[in-house]
Amino acid sequence: MSTSNFTRRGMLKTSAVAGAGLAVPTIFTASSASAFTNDPTDASSVTLGFNVPQSGPYADEGADELRAYELAVEHLNGGGDGGMMNTFSSKALQGNGIMGKKVEYVTGDTQTKSDAARASAKSMIEKDGAVMITGGSSSGVAVAVQALCQEAGVIFMAGLTHSNDTTGKDRKANGFRHFFNSWMSGAALAPVLANAYGTDRKAYHLTADYNWGYTTEEAIRNSTEAMGWETVNAVKTPLTQTDFSAYITPVLQSDADVLVLNHYGGNMVNSLTNAVQFGLRDRMVNDKKFEIIVPLYSELMARGAGQNIAGIFGSQNWDWKLQRELGDRYVGTDAFVKSFGEKFGFPPSQAAHTCYVQTLLYADAVERAGSFNPCAVVEALKDFEFDGLGSGPTLYRGDDHQCFKDVVVVRGKENPENEFDLVEIVEVTPAEQVTYAADAPEFGGPEATLGECNPGA
């Protein structure tokens, strides 16, 4: 596991905690009756664990997440210009760390694999004394690490995870997600697709073979079929796939006139490139121009896809141009873009944004709760309404720990001005139009519950 340049804390030992299913640290100076996992009360610093894909198909997203985490820690400790701490509606953060303790961090590589991600998070908790784990660019990873954090008694602030399951059937009391989800993408995209391509279309889906792919395919199928589209086929593709030629050929042999790529990161760049190479975008089928849709994509992916992304619709959690183009409803965006751009030389991605925001939200919740105890943090975040973090007015719903905010519909630019201006904002769907019941069937129904907060030790 790679680590930051900050000093690690070395004052903890590990011991098995009955019922936790995981060996977690025990504090020497606190009684077992009152302690919680990695209680930093007697320490001068507090350690956060940043667990991101530093290798594998989502490594580009992971690198941007790490940049954002580094920036968040700098701001929390009083460095830089403070970024979105200056625009955040809550004023609990003062730039003196968290509750006066210097923020330190350790990092790990999830490899976009659930087992590797759990092992990395476990090491951060047991060996490094992390009080909070955050990160990831895969919903399979997010669900696995969230479950581990629930067992260990630490807070999990999810990074980039878009599957319904994360705050649906696999929701946990110790877990929180700022990023939007598959259902929200379907709800936001459907009206735009109907207006652009009509309601008489035949769609062929290529879907990443894990929980994010499944729920995204389901969301797009349900929303497009409800408006009249027909799904002619849906094929699962391995997450490790790099050449999608064998999956594109059957699309050519079908009567589909739309290809939906439920792929992310390097997978999407490769599958879209193959589709264009096979001439799909030049075809006429059913007297209609063949179209390609990517339900979820980022500026980073657009950069990888190059000109192939032009004209392709998708959705995003956030875009670095929001405040500049749509005004101060999205206050905080410009402050973050300025801080990030001055430090790293280019605009932040949606992955960077959600990770930076989650770090601030955790720190703010600790300050407002007056405690690092995970259960106090849970209470501070439940039903918390906030603004000034770039996405407009936002609610952290208590029933499922999902954030509800506006969703951005985007399209690849036909004539971008530079390599960082590849995506245009087509529409912003208001939060109320992408809000659903916490017990909706797509999210596990009435049986899906958070359970009880676990403070651990």
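Predicted model: local features only at pLDDT ≥ 70, side-chain atom pairs only at ≥ 80, totals over all residues.

Student: How many residues does the contact take from domain 1, and how many from domain 2?

Tutor: Domain 1 gives 23 residues to the contact and domain 2 gives 22 residues.

Student: OK, area next. What do domain 1 and domain 2 bury between them?

Tutor: About 1,900 Å², with 58% of it on carbon and sulfur atoms.

Student: Which three residues supply more than any other three of the area that domain 1 buries against domain 2?

Tutor: Tyr58, His162 and Phe180, which supply 32% of that area.

Student: Switching to charges. How many salt bridges are found across the interface?

Tutor: One salt bridge is found across the interface of domain 1 and domain 2. Lys321 forms a salt bridge with Glu299, and their closest N and O atoms are 2.9 Å apart.

Student: What about polar contact across the interface, how many residue pairs?

Tutor: There are 15 residue pairs in polar contact between domain 1 and domain 2, counting pairs with both residues at pLDDT 80 or more.

Student: Which elements give two or more residues to the side of domain 1 that touches domain 2?

Tutor: Helix 1 (59-76), helix 3 (139-152) and strand 17 (403-404).

Student: And how do the residues of that side divide into nonpolar, polar and charged?

Tutor: On the side of domain 1 that touches domain 2, eight are nonpolar, ten polar and five charged.

Notes: Residues numbered from 1 in each chain as written. Heavy atoms only, no water. Contact = heavy atoms within 4.5 Å. Buried area = accessible area lost by both parts, 1.4 Å probe. Salt bridge = Lys/Arg side-chain N within 4 Å of Asp/Glu carboxyl O. Polar contact = N/O pair within 3.5 Å; in protein donor to acceptor, adjacent residues only side chain to side chain. Helix = DSSP H or I, 4+ residues; strand = E, 2+ residues; numbered from the N terminus. Nonpolar A, V, L, I, M, F, W, Y, C, P; charged D, E, K, R; others polar.
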